[in-house]
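Welcome, and thanks for taking a look at this one. Please open the viewer beside the text and follow along as the report moves from the whole chain to single residues.

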Amino acid sequence: MQAAEAADEAHSEVLGWKINIGWLIEESPRVGRDRALREAAGASLLAVDRLHDFTEVCRELLDEDEKPGRPRRPGAGR
């Protein structure tokens with residue numbers, strides 16, 4: 001469940017980044033290029049943070065599966 005939640009958060013932030021890039025392209029002439037770039041850069045940083053969090057959660061879950069004496073889950077290690 002932790003991996004699914006982390007993946008959902010990462011997906012949301014990447015989608016937000018995509019929307020901000022579209023906004024940058026469409027609205028930068030109206031609101032100013034600098035503001036549009038700041039908004040897109042902020043969304044990009046959030047997306048990268050969430051992808052990093054997702055990676056860390058998955059690594060922790062994989063490490064738990066490899067602990068000696070721990071029963072393997074069905075499908076683990078494929």
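## Ground rules

This is a predicted model, in which local features need pLDDT of at least 70 and side-chain atom pairs count only at pLDDT 80 or more, while totals for chains, interfaces and linings use all residues. Residues are numbered from 1 along each chain as its sequence is written, and side-chain values use heavy atoms, leaving out hydrogens and water.

## The chain as a whole

The chain has two helices and zero strands. Both kinds of element are DSSP runs numbered from the N terminus, with helices being H or I of at least four residues and strands being E of at least two. Of the 78 residues in the chain, 17% are buried. Here buried means under 20% relative accessible area, exposed means over 50%, and partly exposed lies in between (1.4 Å probe, protein chains only).

Now for the contacts, meaning heavy atoms within 4.5 Å. Among those between residues at least 6 apart in sequence, 57% join residues at least 24 apart.

How many salt bridges does the structure hold? There are two, where a salt bridge is a side-chain nitrogen of Lys or Arg within 4 Å of a carboxyl oxygen of Asp or Glu. As background, side chains of opposite charge can pair when their charged atoms come close.

Asp 53 counts as partly exposed because its relative accessibility is 33%, and Arg 50 is partly exposed at 22%.

Arg 59 and Glu 56 form a salt bridge as well, with N to O at 3.1 Å. They also lie three residues apart in helix α2, about one turn of the helix. Arg 59 is partly exposed at 47% relative accessibility, and Glu 56 is partly exposed at 28%.

## Surface patches

Patches are made of residues with over 30% relative accessible area and no salt bridge, joining like charges within 9 Å and nonpolar side chains (Val, Leu, Ile, Met, Phe, Trp, Tyr) within 5 Å. Lys and Arg count as positive and Asp and Glu as negative, with His and the chain ends not counted; a charge is placed at NZ of Lys, CZ of Arg, CG of Asp or CD of Glu.

Glu 60, Asp 63, Glu 64 and Glu 66 make up a negative patch. Asp 63 sits in helix α2, which covers residues 33-65, and is partly exposed at 48% relative accessibility.

A nonpolar patch on the surface consists of Val 14, Trp 17 and Leu 51, which together have about 230 Å² of accessible area. Leu 51 belongs to helix α2 and is partly exposed, with 39% relative accessibility.

Leu 45, in helix α2, is exposed because its relative accessible area is 58%.

Asp 49 is another residue of helix α2, partly exposed at 40% relative accessibility. Asp 49 and Glu 13 are 36 residues apart in sequence, with 8.8 Å between their C-alpha atoms.

Conventions: Areas by Shrake-Rupley, 256 points an atom, 1.4 Å probe, with all protein chains shown as cover.
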